[in-house]
2 protein chains.
Amino acid sequence: MSTRKFCLAILSSGDATGYEIRKAAQEGQFSHFIEASYGSIYPSLAKMEQEGLVTWREELSSGKPSRKIYSITQLGRDAFLKELFETPVEDLFRSPFLLLALYCRWVGPEFISKEIDRRMENLELKIADMKHELEINEDPASAWTLEYGITAYSASLNYLKMNRSKLERIASEPVSHAQAAE
Amino acid sequence: MSTRKFCLAILSSGDATGYEIRKAAQEGQFSHFIEASYGSIYPSLAKMEQEGLVTWREELSSGKPSRKIYSITQLGRDAFLKELFETPVEDLFRSPFLLLALYCRWVGPEFISKEIDRRMENLELKIADMKHELEINEDPASAWTLEYGITAYSASLNYLKMNRSKLERIASEPVSHAQAAE
DNA sequence: GCTCACATGTAATAAGTTACATGATTTC
DNA sequence: GAAATCATGTAACTTATTACATGTGAGC
């Protein structure tokens, strides 16, 4: 249901192709808190077309492959609004990284160190991305959302910066039987 | 695959029933970055038993329903280690709340205000929870992970505290046709 | 000539959600 | 007497993932 909601959100601000919607999920401001791949977007669009929430027209351009440009209908707008008003599902945070941190003694300090590097690079990239979007952006709601993301990610990044050595130290303690059976 | 990994993680620190594993996903330190329900835990345990990753014994206690106590096998430990060493999937953050924030003008300031309240209460609860776990906790890796969570959530909460009025103001601006077609 | 970006989709599979079904004991 | 907690599981359904399948044009 979340891919559907996302497609309606994008289309509520303007027409788009499936390809463009996926790109928005991959690169834009949405990418930081939404997941959607071709395999979920195209079927979702097809289904919504059957339900009358969206329509499409074909655009044939010489050379380039033809595009199916989707538009939201009034029914679609109503459905989107309804979804917005429904109490939103709780935000979801799933972290294989934190699970790894919890079991850091099992993998040792070198591996942990490498993974912390990866995680920090990732956060830095995301933050840089959001700062860039903030600059080219004109919509105040987008700015607010981007700043929320920058704040939260910066806090995580900073925590890693200040406390990574602590975790690396913990990871270097040997795993005793007592701990394993704890 | 993530429910499986989580079950192995729990069992690697000691025997447990399906019920207890689900409780750990619901309440403990894990609950802040893992999702798992009965419907995914029980089938997962059954499958892992067939694969020889876990075994179980029945405990009949007078009165209470009988429990199936699962233990991890050496094969299971190996599988868990292997999963830990495999490059972890990127952390996943999905936020219906931020999508709502982005479209705040469509729902208006009253609704947004209510949702911000909900979100803040939620964050406060989680933070309080983690602080409490931090106190009763003895494992340094757990402490590190909990502090990570407290840091990130506190930053989000603080952002909401400082900037909620801004979003409420944005939400009160009428949606023009130009914006809708932007 | 190669890779990247554009562009659409399907099929098989995996995974998880939600509701259902059942029942005893403990606590208020 | 009611509600919460302990305790196990299934079945139907929804959803998403991954890989496959295909092809053009532009830039290097």
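The legends below accompany several views of a predicted model.

In this predicted model, local features are reported only at a pLDDT of at least 70 and side-chain atom pairs only at pLDDT 80 or more, whereas totals for chains, interfaces and linings use all residues. Residues are numbered from 1 along each chain as its sequence is written, chains are lettered from A in the order in which they are written, and side-chain values use heavy atoms, with hydrogens and water left out.

**View 1. Overall layout of chain A.** Chain A contains nine helices and three strands, where helices (H or I, at least four residues) and strands (E, at least two) are DSSP runs numbered from the N terminus. Read from the N terminus, the order of these elements is α-α-α-β-β-α-β-α-α-α-α-α. Chain A is more spread out than a compact globule, because its radius of gyration is 22 Å, well over the 16 Å that the globule rule gives for 182 residues; the radius is taken over C-alpha atoms, and the rule is 2.2 Å times the number of residues to the power 0.38. Along the principal axes, the C-alpha atoms of chain A fill a box of roughly 65 × 40 × 40 Å.

**View 2. Burial and charge in chain A.** Of the 182 residues in chain A, 49% are buried, a term that stands for under 20% relative accessible area, with exposed meaning over 50% and partly exposed in between (1.4 Å probe, protein chains only). Chain A carries 22 positive and 27 negative side chains, and the centres of the two sets lie 3 Å apart; Lys and Arg count as positive and Asp and Glu as negative, while His and the chain ends are not counted, and each charge is placed at NZ of Lys, CZ of Arg, CG of Asp or CD of Glu.

**View 3. Aromatic rings around Tyr103(A).** Over all chains, the whole structure holds 22 aromatic pairs, meaning rings of Phe, Tyr and Trp (its six-membered ring) whose centres lie within 6.5 Å, with planes under 30 degrees apart counted as stacked, over 60 as edge-to-face and the rest as tilted. Tyr103(A) and Trp106(A) make an edge-to-face pair, 5.5 Å centre to centre with 70 degrees between the planes. Tyr103(A) also pairs edge-to-face with Phe80(B), at 5.2 Å centre to centre and 90 degrees between the planes. This second pair joins two chains, because Tyr103(A) lies in the loop between helix 5 (96–102) and helix 6 (104–107) of chain A and Phe80(B) in helix 4 (residues 74–85) of chain B. Tyr103(A) is buried at 4% relative accessibility, and Phe80(B) is buried at 1%.

**View 4. A ring cluster with members from chains A and B.** Phe97(A), Tyr159(A), Trp144(B) and Tyr148(B) are linked by ring pairs into a cluster.

**View 5. Helix 1 of chain B.** Helix 1 (residues 2–12) of chain B is largely enclosed by the rest of the structure, because 10 of its 11 residues are buried; among them are Arg4(B), Phe6(B), Leu8(B) and Ile10(B). Just after this helix, Gly14(B) takes a positive phi of about 150 degrees.

View 6. Ser44(A), placed in helix 3 (residues 38–50) of chain A, is buried at 12% relative accessibility. Apart from its neighbours within four places in sequence, Ser44(A) is in contact with Thr3(A) and Arg4(A), contact meaning heavy atoms within 4.5 Å. Lys131(A), in helix 7 (residues 109–136) of chain A, is partly exposed with a relative accessible area of 46%.
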